[in-house]
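Open the model in your viewer and keep the selection tool at hand. This tour visits charged side chains, stop by stop.

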Amino acid sequence: MISKQTKTIRWGMIGCGAVTEIKSGPAFQLAENSELTAVMCRRLDKAGDYAQRHQIPFYTDDTEKLLSREDLDAVYIATPPDSHAYYTQLAAQYGKAIYVEKPMARTFAECKAMLAVTEKAGLPLYVAYYRRALPRFLKIKEILDAGRIGSPRIVTIQLYRPPFPADLEGKANWRTDPKIAGCGYFCDLAVHTLDILQWLLGKIQSVESAIANQLKIYTAEDTVSARFTFPNDVHATGIWNFTAYSAFDQNEIIGDKGKICFSTFGDSPIELHASDKVETFSIANPRHIQLPFIQKMVNALLEKEPFAPNGKSAAHTNWLLDQIIHPQK
């Protein structure tokens with residue numbers, strides 16, 4: 001447990017893959033009252049290389065050597081989804097606050113186990129749906145809360161892109177292995193949109209879906225379509241495809257007085273269509289894109305500001321994944 005006398009949150013990190021190089025790892029050092037002091041990887045040479053390049057004083061290939069350190073207050077689990085539940089349960093045994101990469105796990109059942117163990121230990125469980133803290137999405141929330149588009153009525157989601165060259169070449173990729181990722185790129189990417197829309201509009205209450213594997217270059221699905229219902233009978237449709245000729249990423253929230261258009265992954269201008277005019281808001285994402293979320297976590301752990309753990313809402317997003325990818329169950 002974090003002592004009330006603690007003035008700096010000292011982080012350990014499990015895993016040091018690509019997501020940690022720019023998006024997250026440096027942010028633990030740049031956040032105020034935060035330090036990244038230890039890193040673990042199953043390959044000791046990789047852990048050592050990462051520690052040297054990022055000036056981290058301790059590295060190991062042994063998870064329990066990292067978690068047993070008394071100078072760690074919290075742990076960041078930056079591994080593929082198949083190990084999230086295991087590392088969360090282990091970290092809880094050592095009394096560490098937990099921040100886990102998205103999706104929270106492979107299945108809703110794994111998420112429930114993670115919530116149970118952290119709740120029993122009295123530990124916060126955060127999940128890396130960091131768009132909730134990004135300025136561009138805070139602006140979207142501000143516009144919606146101010147009633148600029150009136151009452152939301154319908155939502156549309158479109159995300160498509162060409163196949164990744166490595167997939168066409170048949171190279172191994174955990175993101176398209178359902179045994180590791182839970183499903184394919186849908187689990188890796190669509191979860192950000194599902195999370196941010198629920199943050200903006202409320203918890204999705206029902207879902208119907210269809211999935212396909214059009215190109216058959218890996219075992220996971222490459223095409224998903226779905227229908228959702230948000231609170232107040234707000235209806236939504238979504239289409240995700242990873243075999244298209246070009247890339248496109250756009251969400252629309254349409255109300256009775258206007259609409260707002262925005263991308264999930266880029267930082268193209270937000271468009272507000274209301275009062276017979278179009279306003280645009282250009283808000284760039286920070287280089288270390290998880291930094292605002294990490295700062296809010298640190299402040300909350302130090303009791304400087306309220307920022308509730310989002311483990312329960314992240315688990316609901318995994319419930320949606322289960323319903324979409326395995327609708328027959």
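A salt bridge here is a side-chain nitrogen of Lys or Arg within 4 Å of a carboxyl oxygen of Asp or Glu.

Before moving on, note that this is a predicted model: local features need pLDDT of at least 70, side-chain atom pairs count only at pLDDT 80 or more, and totals for chains, interfaces and linings use all residues. Residues are numbered from 1 along each chain as its sequence is written, and side-chain values use heavy atoms, leaving out hydrogens and water.

Next, select K102 and D188. Are they buried or exposed? Both K102 and D188 are buried. Their side chains meet in a salt bridge, 2.8 Å from N to O. This pair links distant parts of the chain, 86 residues apart. K102 sits in the loop between β5 (97-100) and α6 (108-121), while D188 belongs to helix α10 (residues 185-201). Helices (H or I, at least four residues) and strands (E, at least two) are DSSP runs, numbered from the N terminus.

Now go to K296 and E305. The closest N and O atoms of this salt bridge are 3.9 Å apart. K296 has 24% relative accessibility, so it counts as partly exposed. E305 is partly exposed as well, because its relative accessible area is 29%.

Last, select E21, D49 and R53 together. A network of salt bridges links them. The model's salt bridge count comes to 18.

Definitions and conventions. Buried < 20%, exposed > 50% of the residue type's maximum accessible area, 1.4 Å probe, protein only.
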